[in-house]
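The sequence and the structure come first.

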Amino acid sequence: MFHKSDEAIHSLSIGEFEKAKSLYSVLLDKDPEDLDFISGYFVASYWDNRLDLVLRTREGKDRGKLLLEYFSLFESEAKKRNIQHTVAYSTCLRCILEEASNHLKLAYGWEGANALDTDALTELAICLIKIGDYKTALEVLPFSDPASRLSPHLKFYLAEAFCMSSREREGKEQYLSAFLDDPGLFPVELVQYAPLRQLISEARNVVSEEEVSEYVAVRAWQTRIFLTDRIASEHESKIWVNEMNRLLDALRRGAGNEFKVKCRIQQYAYAIIEMAPQNLFRDAIMQAKQILKEI
(Lines give C-alpha, C1' and ligand atoms only; values in the text may rest on other atoms or scores of the structure.)
Protein backbone atom coordinates (compact mmCIF):
# COMPACT_ATOMS: atom_id res chain seq x y z
CA MET A 1 0.00 0.00 0.00
CA PHE A 2 2.86 2.35 0.81
CA HIS A 3 4.30 1.75 -2.66
CA LYS A 4 0.98 2.57 -4.34
CA SER A 5 0.69 5.73 -2.27
CA ASP A 6 4.12 6.93 -3.39
CA GLU A 7 3.27 6.04 -6.98
CA ALA A 8 0.03 8.02 -6.75
CA ILE A 9 1.85 11.10 -5.42
CA HIS A 10 4.40 10.81 -8.22
CA SER A 11 1.61 10.56 -10.80
CA LEU A 12 0.03 13.74 -9.41
CA SER A 13 3.38 15.54 -9.53
CA ILE A 14 3.77 14.92 -13.28
CA GLY A 15 0.14 15.46 -14.24
CA GLU A 16 -0.83 11.81 -14.83
CA PHE A 17 -4.24 12.33 -13.25
CA GLU A 18 -6.03 9.32 -14.72
CA LYS A 19 -3.38 6.98 -13.34
CA ALA A 20 -3.41 8.77 -9.97
CA LYS A 21 -7.20 8.50 -9.79
CA SER A 22 -7.01 4.75 -10.43
CA LEU A 23 -4.35 4.27 -7.75
CA TYR A 24 -6.27 6.31 -5.18
CA SER A 25 -9.42 4.32 -5.94
CA VAL A 26 -7.59 1.13 -4.98
CA LEU A 27 -6.11 2.76 -1.88
CA LEU A 28 -9.53 4.03 -0.76
CA ASP A 29 -11.02 0.55 -1.09
CA LYS A 30 -8.50 -0.58 1.51
CA ASP A 31 -8.63 2.50 3.75
CA PRO A 32 -11.68 4.72 3.01
CA GLU A 33 -11.00 7.06 5.97
CA ASP A 34 -7.46 8.07 5.02
CA LEU A 35 -7.49 11.86 4.44
CA ASP A 36 -4.60 11.83 2.00
CA PHE A 37 -6.31 9.18 -0.13
CA ILE A 38 -9.60 11.11 -0.06
CA SER A 39 -7.81 14.31 -1.00
CA GLY A 40 -5.76 12.56 -3.66
CA TYR A 41 -8.78 10.97 -5.31
CA PHE A 42 -10.61 14.32 -5.35
CA VAL A 43 -7.75 16.31 -6.92
CA ALA A 44 -6.93 13.57 -9.43
CA SER A 45 -10.58 13.27 -10.50
CA TYR A 46 -11.04 17.02 -10.77
CA TRP A 47 -8.10 17.52 -13.09
CA ASP A 48 -8.56 14.29 -15.04
CA ASN A 49 -12.05 15.50 -16.00
CA ARG A 50 -10.62 18.74 -17.39
CA LEU A 51 -7.32 17.61 -18.87
CA ASP A 52 -8.59 16.96 -22.41
CA LEU A 53 -9.95 20.48 -22.78
CA VAL A 54 -6.75 21.95 -21.30
CA LEU A 55 -4.60 20.04 -23.79
CA ARG A 56 -6.82 21.13 -26.69
CA THR A 57 -6.34 24.78 -25.75
CA ARG A 58 -3.60 26.74 -27.50
CA GLU A 59 -0.29 26.89 -25.64
CA GLY A 60 0.81 30.12 -24.04
CA LYS A 61 -1.65 32.71 -22.76
CA ASP A 62 -4.85 30.79 -23.56
CA ARG A 63 -3.83 27.59 -21.83
CA GLY A 64 -2.26 29.40 -18.88
CA LYS A 65 -5.38 31.50 -18.28
CA LEU A 66 -7.63 28.45 -18.59
CA LEU A 67 -5.53 26.56 -16.03
CA LEU A 68 -5.78 29.48 -13.60
CA GLU A 69 -9.52 29.72 -14.18
CA TYR A 70 -9.91 26.01 -13.42
CA PHE A 71 -7.58 26.36 -10.46
CA SER A 72 -9.76 29.07 -8.92
CA LEU A 73 -12.81 26.82 -9.29
CA PHE A 74 -10.77 23.92 -7.91
CA GLU A 75 -9.92 25.85 -4.72
CA SER A 76 -13.57 26.84 -4.26
CA GLU A 77 -14.78 23.27 -4.74
CA ALA A 78 -12.13 21.88 -2.39
CA LYS A 79 -13.14 24.38 0.27
CA LYS A 80 -16.83 23.55 -0.19
CA ARG A 81 -16.09 19.84 0.24
CA ASN A 82 -13.72 20.46 3.15
CA ILE A 83 -10.84 18.71 1.36
CA GLN A 84 -7.77 18.68 3.59
CA HIS A 85 -4.52 20.26 2.38
CA THR A 86 -2.60 16.99 2.44
CA VAL A 87 0.58 15.97 0.61
CA ALA A 88 -1.55 14.91 -2.35
CA TYR A 89 -3.29 18.29 -2.44
CA SER A 90 -0.07 20.33 -2.24
CA THR A 91 1.62 18.11 -4.85
CA CYS A 92 -1.22 18.65 -7.30
CA LEU A 93 -1.34 22.38 -6.50
CA ARG A 94 2.32 22.75 -7.41
CA CYS A 95 1.93 20.72 -10.60
CA ILE A 96 -0.96 22.86 -11.88
CA LEU A 97 0.53 26.20 -10.87
CA GLU A 98 3.88 25.35 -12.42
CA GLU A 99 2.13 24.39 -15.67
CA ALA A 100 0.02 27.56 -15.64
CA SER A 101 3.02 29.77 -14.93
CA ASN A 102 5.06 28.05 -17.66
CA HIS A 103 2.41 28.87 -20.27
CA LEU A 104 1.96 32.45 -19.09
CA LYS A 105 5.73 32.88 -19.05
CA LEU A 106 5.80 31.56 -22.63
CA ALA A 107 3.39 34.31 -23.66
CA TYR A 108 5.35 36.86 -21.66
CA GLY A 109 8.58 35.70 -23.30
CA TRP A 110 7.10 35.73 -26.81
CA GLU A 111 5.43 39.12 -26.68
CA GLY A 112 6.54 40.84 -23.45
CA ALA A 113 4.16 42.52 -21.02
CA ASN A 114 1.77 43.37 -23.87
CA ALA A 115 1.01 39.66 -24.29
CA LEU A 116 -0.97 39.63 -21.05
CA ASP A 117 -3.60 41.97 -19.70
CA THR A 118 -3.33 43.39 -16.20
CA ASP A 119 -5.40 40.62 -14.62
CA ALA A 120 -3.36 37.89 -16.32
CA LEU A 121 -0.07 39.49 -15.24
CA THR A 122 -1.36 39.74 -11.70
CA GLU A 123 -2.45 36.10 -11.74
CA LEU A 124 0.93 35.09 -13.14
CA ALA A 125 2.78 36.99 -10.41
CA ILE A 126 0.66 35.44 -7.65
CA CYS A 127 1.04 32.02 -9.24
CA LEU A 128 4.84 32.44 -9.32
CA ILE A 129 4.91 33.45 -5.66
CA LYS A 130 2.78 30.44 -4.70
CA ILE A 131 5.35 28.10 -6.26
CA GLY A 132 8.32 30.04 -4.89
CA ASP A 133 9.57 31.61 -8.15
CA TYR A 134 10.09 35.00 -6.53
CA LYS A 135 12.68 36.22 -9.06
CA THR A 136 10.30 35.98 -12.02
CA ALA A 137 7.46 37.39 -9.92
CA LEU A 138 9.55 40.51 -9.31
CA GLU A 139 10.06 40.87 -13.07
CA VAL A 140 6.32 40.61 -13.71
CA LEU A 141 4.80 42.62 -10.86
CA PRO A 142 5.79 46.13 -12.05
CA PHE A 143 3.87 45.43 -15.29
CA SER A 144 0.73 44.26 -13.51
CA ASP A 145 -0.41 47.78 -12.69
CA PRO A 146 -0.93 50.01 -15.73
CA ALA A 147 -0.36 53.15 -13.68
CA SER A 148 2.92 51.73 -12.31
CA ARG A 149 1.53 52.26 -8.85
CA LEU A 150 0.67 48.97 -7.23
CA SER A 151 -2.65 48.50 -5.50
CA PRO A 152 -2.60 47.62 -1.77
CA HIS A 153 -3.46 44.06 -2.78
CA LEU A 154 -0.42 43.70 -5.03
CA LYS A 155 1.90 45.48 -2.60
CA PHE A 156 1.62 42.47 -0.29
CA TYR A 157 2.73 40.13 -3.07
CA LEU A 158 5.60 42.40 -4.07
CA ALA A 159 6.65 42.63 -0.42
CA GLU A 160 6.68 38.85 -0.07
CA ALA A 161 8.69 38.45 -3.29
CA PHE A 162 11.25 41.01 -2.11
CA CYS A 163 11.58 39.43 1.35
CA MET A 164 12.05 35.96 -0.12
CA SER A 165 14.62 37.20 -2.65
CA SER A 166 17.17 38.55 -0.14
CA ARG A 167 15.83 42.07 -0.60
CA GLU A 168 14.34 42.37 2.89
CA ARG A 169 14.73 46.12 3.23
CA GLU A 170 12.55 46.75 0.19
CA GLY A 171 10.18 43.98 1.22
CA LYS A 172 9.68 45.37 4.71
CA GLU A 173 8.93 48.82 3.33
CA GLN A 174 6.36 47.35 0.94
CA TYR A 175 4.78 45.34 3.76
CA LEU A 176 4.68 48.44 5.95
CA SER A 177 2.96 50.44 3.22
CA ALA A 178 0.52 47.64 2.37
CA PHE A 179 -0.52 47.11 5.99
CA LEU A 180 -1.13 50.84 6.42
CA ASP A 181 -3.28 50.81 3.28
CA ASP A 182 -5.40 47.81 4.24
CA PRO A 183 -4.28 44.95 6.51
CA GLY A 184 -7.44 43.07 5.54
CA LEU A 185 -5.81 42.24 2.19
CA PHE A 186 -2.86 40.45 3.83
CA PRO A 187 -2.61 37.02 2.10
CA VAL A 188 -1.99 35.03 5.28
CA GLU A 189 -1.76 31.57 3.69
CA LEU A 190 0.71 32.68 1.04
CA VAL A 191 3.32 34.15 3.39
CA GLN A 192 6.62 32.29 3.80
CA TYR A 193 8.73 35.18 5.14
CA ALA A 194 9.85 33.76 8.50
CA PRO A 195 9.35 36.80 10.82
CA LEU A 196 5.76 37.23 9.63
CA ARG A 197 5.09 33.47 9.66
CA GLN A 198 6.10 33.53 13.33
CA LEU A 199 3.69 36.39 14.05
CA ILE A 200 0.91 34.59 12.17
CA SER A 201 1.47 31.51 14.32
CA GLU A 202 1.44 33.67 17.45
CA ALA A 203 -1.75 35.44 16.32
CA ARG A 204 -3.62 32.17 15.84
CA ASN A 205 -3.08 31.40 19.52
CA VAL A 206 -4.46 34.78 20.57
CA VAL A 207 -7.17 35.98 18.17
CA SER A 208 -9.70 34.62 15.70
CA GLU A 209 -8.69 33.83 12.12
CA GLU A 210 -10.53 36.96 10.92
CA GLU A 211 -8.38 39.11 13.23
CA VAL A 212 -4.98 37.61 12.37
CA SER A 213 -4.02 40.23 9.79
CA GLU A 214 -4.88 43.13 12.11
CA TYR A 215 -2.92 41.56 14.97
CA VAL A 216 0.13 40.86 12.77
CA ALA A 217 0.15 44.44 11.46
CA VAL A 218 0.50 45.83 14.99
CA ARG A 219 2.91 43.17 16.29
CA ALA A 220 5.20 43.80 13.30
CA TRP A 221 5.71 47.33 14.63
CA GLN A 222 6.06 46.19 18.23
CA THR A 223 8.70 43.58 17.36
CA ARG A 224 10.57 46.09 15.19
CA ILE A 225 10.13 44.16 11.96
CA PHE A 226 9.05 47.43 10.37
CA LEU A 227 11.98 49.41 11.78
CA THR A 228 13.03 51.85 9.07
CA ASP A 229 15.13 54.97 8.71
CA ARG A 230 12.86 56.37 6.00
CA ILE A 231 11.28 59.71 6.85
CA ALA A 232 7.75 60.08 5.56
CA SER A 233 6.68 63.06 3.50
CA GLU A 234 4.59 65.81 5.06
CA HIS A 235 1.62 64.76 2.90
CA GLU A 236 1.92 61.10 3.92
CA SER A 237 2.24 62.00 7.59
CA LYS A 238 -0.85 64.22 7.46
CA ILE A 239 -2.85 61.32 6.03
CA TRP A 240 -1.78 59.10 8.96
CA VAL A 241 -2.65 61.77 11.53
CA ASN A 242 -6.07 62.33 9.95
CA GLU A 243 -6.77 58.60 9.80
CA MET A 244 -5.66 58.09 13.40
CA ASN A 245 -7.98 60.85 14.60
CA ARG A 246 -10.86 59.64 12.43
CA LEU A 247 -10.55 56.15 13.88
CA LEU A 248 -10.22 57.51 17.43
CA ASP A 249 -13.52 59.29 16.91
CA ALA A 250 -15.08 56.07 15.58
CA LEU A 251 -13.77 54.16 18.61
CA ARG A 252 -15.28 56.67 21.03
CA ARG A 253 -18.62 56.44 19.21
CA GLY A 254 -18.50 52.65 19.32
CA ALA A 255 -18.56 52.42 15.55
CA GLY A 256 -17.10 49.38 13.79
CA ASN A 257 -15.29 46.34 15.15
CA GLU A 258 -13.49 47.53 18.30
CA PHE A 259 -10.49 45.21 17.92
CA LYS A 260 -9.98 46.15 14.26
CA VAL A 261 -10.34 49.87 14.95
CA LYS A 262 -7.87 49.74 17.85
CA CYS A 263 -5.33 47.84 15.77
CA ARG A 264 -5.52 50.33 12.95
CA ILE A 265 -5.19 53.27 15.34
CA GLN A 266 -2.05 51.65 16.74
CA GLN A 267 -0.63 51.13 13.26
CA TYR A 268 -0.97 54.81 12.42
CA ALA A 269 0.38 55.81 15.82
CA TYR A 270 3.51 53.71 15.35
CA ALA A 271 4.00 55.05 11.81
CA ILE A 272 3.71 58.65 13.03
CA ILE A 273 6.15 58.08 15.90
CA GLU A 274 8.72 56.25 13.78
CA MET A 275 8.47 58.06 10.45
CA ALA A 276 6.79 61.49 10.61
CA PRO A 277 9.17 64.49 10.40
CA GLN A 278 9.72 65.46 14.04
CA ASN A 279 10.09 69.19 13.37
CA LEU A 280 6.66 69.33 11.70
CA PHE A 281 4.69 66.76 13.68
CA ARG A 282 5.90 67.13 17.26
CA ASP A 283 2.37 67.44 18.68
CA ALA A 284 1.06 64.50 16.62
CA ILE A 285 3.98 62.34 17.77
CA MET A 286 3.23 63.16 21.41
CA GLN A 287 -0.45 62.38 20.82
CA ALA A 288 0.45 59.06 19.18
CA LYS A 289 2.65 58.06 22.11
CA GLN A 290 -0.17 58.86 24.53
CA ILE A 291 -2.63 56.83 22.48
CA LEU A 292 -0.35 53.77 22.59
CA LYS A 293 -0.23 54.03 26.37
CA GLU A 294 -4.01 54.18 26.63
CA ILE A 295 -5.11 51.55 24.09
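Which residue follows α12, and is its phi positive or negative? The residue is Arg-224, with a positive phi near 70 degrees. The model is a predicted one.

**Helix α12**

Helix α12 covers residues 212-222, and nine of its 11 residues are buried, so the helix is largely enclosed by the rest of the structure. The buried residues are Val-212, Ser-213, Glu-214, Tyr-215, Val-216, Ala-217, Val-218, Ala-220 and Trp-221. They pack against α10 (168-181), α11 (194-204) and α14 (258-275).

**Helices α3 and α6**

Helix α3 (residues 35-48) and helix α6 (residues 87-111) have axes that come within 7 Å and cross at roughly 25 degrees. The two helices are therefore roughly parallel to each other, as angles under 35 degrees count as such. On the α3 side the contact is made by Asp-36, Ser-39, Gly-40, Val-43 and Trp-47, and on the α6 side by Val-87, Ala-88, Tyr-89, Cys-92 and Ile-96. By type, the residues of this contact are seven nonpolar, two polar and one charged.

**Nonpolar cores**

The largest nonpolar core has 56 residues, of which Leu-12, Tyr-24, Trp-47, Phe-74, Leu-116 and Ile-129 touch the most other members. Elements that give two or more residues to this core are α1 (2-13), α2 (17-30), α3, α5 (61-80), α6, α7 (118-130), α8 (134-140) and α9 (152-163). Helix α6 gives the most, with 10 residues. Leaving aside residues up to four places away in sequence, Leu-116 touches Lys-61, Leu-104, Ala-107, Tyr-108, Leu-121 and Leu-124. Another core, of 48 residues, lies apart from the largest one and includes Cys-163, Ile-200, Ala-220 and Tyr-268. Of these, Ala-220 is one of the buried residues of α12.

**Cysteines**

The count of disulfides is zero. Cys-92, one of the α6 residues that meet α3, is in no disulfide, and the nearest cysteine sulfur is that of Cys-95. From Cys-95, the closest cysteine sulfur is in Cys-92, at 6.1 Å, which is too far for a bond, because a disulfide needs the sulfur atoms within 2.5 Å. Both residues are listed below with their accessibility.

| Residue | Relative accessibility | State |
|---|---|---|
| Cys-92 | 0% | buried |
| Cys-95 | 14% | buried |

Notes. Residues are numbered from 1 along each chain as its sequence is written. This is a predicted model: local features need pLDDT of at least 70, side-chain atom pairs count only at pLDDT 80 or more; totals for chains, interfaces and linings use all residues. Side-chain values use heavy atoms; hydrogens and water are left out. Buried means under 20% relative accessible area, exposed over 50%, partly exposed in between (1.4 Å probe, protein chains only). Axes are lines fitted to C-alpha atoms, for helices over the stretch in contact, and angles run from 0 to 180 degrees between N-to-C directions. Helices (H or I, at least four residues) and strands (E, at least two) are DSSP runs, numbered from the N terminus. Angles under 35 degrees count as roughly parallel, over 145 as roughly antiparallel, 65 to 115 as roughly perpendicular and the rest as oblique. Contact means heavy atoms within 4.5 Å. Ala, Val, Leu, Ile, Met, Phe, Trp, Tyr, Cys and Pro count as nonpolar, Asp, Glu, Lys and Arg as charged, and the others, Gly among them, as polar. A nonpolar core is a set of buried Ala, Val, Leu, Ile, Met, Phe, Trp, Tyr and Cys residues joined through side-chain atoms within 4.5 Å.
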